[in-house]
Amino acid sequence: MGGYGWGVVSKTDLLEAVAKAMEIGVNFFDSADIYGLGEAERTLGEALKHHRQKAVIATKFGVRREKGETFYDNSPPWINRAVEQSLKRLGTDYIDLYQVHYRDRKTPIADVVENLDRLRDRGLIRYYGLSNVHTADMEELSKYQGKFVSFQNEYSLACRKNEKDMLALSKVLELTPLTWGSLGQGILTGKYNRDVKFESDDRRSKAIYTNFHGKKLLKNLQVVDEMRKIAGEINMPVAAIAIRWILDYIPQSVVIAGIKNISQLMSNKEALGWKLARKYIEKLQEVSQDA
């Protein structure tokens with residue numbers, strides 16, 4: 001929804017997909033103020049203007065871009081400014097889940113919690129959570145157990161490096177885990193092969209998006225081959241296999257999966273209402289163990 005970095009995206013398609021999502025019972029939408037420098041929030045607000053009471057809106061703060069530079073800022077003045085701007089762009093008077101996008105490692109967490117509590121007391125946010133945190137943060141965060149309600153990290157069959165963090169943070173701190181990059185930026189949909197090429201306006205053309213380059217791409221395609229076999233056996237889309245694996249392997253998880261249109265939404269939606277057999281979970285764990 002940010003308007004750039006993922007190739008051609010139709011705003012009309014996005015608006016229609018959000019409306020369809022609400023119709024079929026998908027009501028949780030995750031965004032951030034930095035996505036498209038605010039454009040993602042504006043589009044999401046437009047899409048949900050007739051569905052606000054039934055939608056759960058999550059957004060994030062803490063990543064700033066000014067004068068061509070990107071940096072992290074969790075300071076109270078910025079939090080207050082950021083939330084007001086997000087509310088305006090989203091066209092709402094409250095945010096359901098307000099998340100620290102990245103810690104700036106300068107602002108004491110006590111100050112962040114105190115400020116977020118004030119925003120909640122004012123009715124501007126309902127709950128608050130974390131993003132991109134790890135077990136190294138656990139001791140510090142344990143002092144505020146019960147304050148934060150959730151956390152999100154990158155996690156998928158193409159990226160299991162955060163698995164121990166996901167399991168530990170959800171169990172020890174009793175935080176609801178959210179997973180971003182759940183489809184590996186698209187590699188886990190089964191649409192791509194080793195000859196994949198992206199236009200320069202697609203961020204996945206850059207080597208930093210390792211899922212589509214070199215040995216990592218070949219490893220991912222091995223995982224996808226196994227997913228295709230399973231998909232064929234149980235008559236489900238490959239993308240649904242990727243999502244269902246997370247839901248079954250990380251208890252109480254919430255999968256964040258990006259879409260461009262209704263077709264992708266409906267493919268992802270097929271992950272709901274059933275469970276992946278243990279033999280398939282174990283096979284996917286085995287083939288993706290070094291991801």
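Author: Two strands count as paired if DSSP finds at least two bridges between them, and strands (E, at least two residues) and helices (H or I, at least four) are DSSP runs numbered from the N terminus. This is a predicted model, in which local features need pLDDT of at least 70 and side-chain atom pairs count only at pLDDT 80 or more, while totals for chains, interfaces and linings use all residues. Residues are numbered from 1 along each chain as its sequence is written, and side-chain values use heavy atoms, with hydrogens and water left out.

Reader: Thanks. What is the order of the strands in the open sheet?

Author: The open sheet has seven strands in the order β1-β2-β5-β6-β7-β8-β9, with parallel pairing. β1 (28–30) and β9 (254–255) stand at the edges with a single partner strand each, so one side of each has no neighbour in the sheet.

Reader: How do you know that β2 and β5 pair?

Author: Strand β2 (residues 56–61) is joined to β5 by four bridges, and the requirement is at least two. The two strands therefore count as paired, and they run parallel. One of the bridges has F61 with V100 of β5 as its partner. Strand β6 (residues 125–131) also pairs with β5 in the parallel sense, over five bridges, where I95 has I125 of β6 as its bridge partner.

Reader: And what makes β5 largely enclosed by the rest of the structure?

Author: Buried means under 20% relative accessible area, exposed means over 50%, and partly exposed is in between (1.4 Å probe, protein chains only). In strand β5 (residues 95–100), six of the six residues are buried, so the strand is largely enclosed by the rest of the structure.

Reader: How do you know that β7 pairs with β6?

Author: Two bridges join β6 to β7, and they run parallel. S131 has Q152 of β7 as its bridge partner. With β8, β7 pairs in the parallel sense over five bridges, including the one that links F151 to P177 of β8. Five of the five residues of β7 are buried, so β7 is largely enclosed too. S150, Q152 and E154 point one way from the strand, F151 and N153 point the other way, and all are buried.

Reader: Why are α1 and α9 called roughly parallel?

Author: Helix α1 (residues 11–24) and helix α9 (residues 262–269) pack at an angle of about 30 degrees, with their axes 9 Å apart. They are therefore roughly parallel to each other. E16, A17, K20, A21 and I24 in α1 meet I262, L265, M266 and K269 in α9. By class, that contact has six nonpolar, no polar and three charged residues; Ala, Val, Leu, Ile, Met, Phe, Trp, Tyr, Cys and Pro count as nonpolar, Asp, Glu, Lys and Arg as charged, and the others, Gly among them, as polar.

Reader: What covers the buried residues of α6?

Author: The cover includes α5 (138–142), β7 (150–154), β8 (176–180) and α8 (238–249). In helix α6 (residues 163–172), the buried residues are E163, D165, M166, A168, L169 and S170. After α6 comes E174, whose phi is positive, near 55 degrees.

Reader: How do you know whether R89 is buried or exposed?

Author: R89, in helix α3 (residues 76–90), has a relative accessible area of 18%, and so is buried. Not counting residues up to four places away in sequence, R89 touches D33, G38, E41, R42 and G45.

Reader: And why does S200 count as exposed?

Author: S200 has 67% relative accessibility, so it counts as exposed. This residue lies in the loop between β8 and α7. S200 touches S205 and K206, leaving out residues up to four places away in sequence. The C-alpha atoms of S200 and G7 are separated by 8.3 Å, although the two residues are 193 apart along the chain.

Key
Contact means heavy atoms within 4.5 Å. Axes are lines fitted to C-alpha atoms, for helices over the stretch in contact, and angles run from 0 to 180 degrees between N-to-C directions. Angles under 35 degrees count as roughly parallel, over 145 as roughly antiparallel, 65 to 115 as roughly perpendicular and the rest as oblique.
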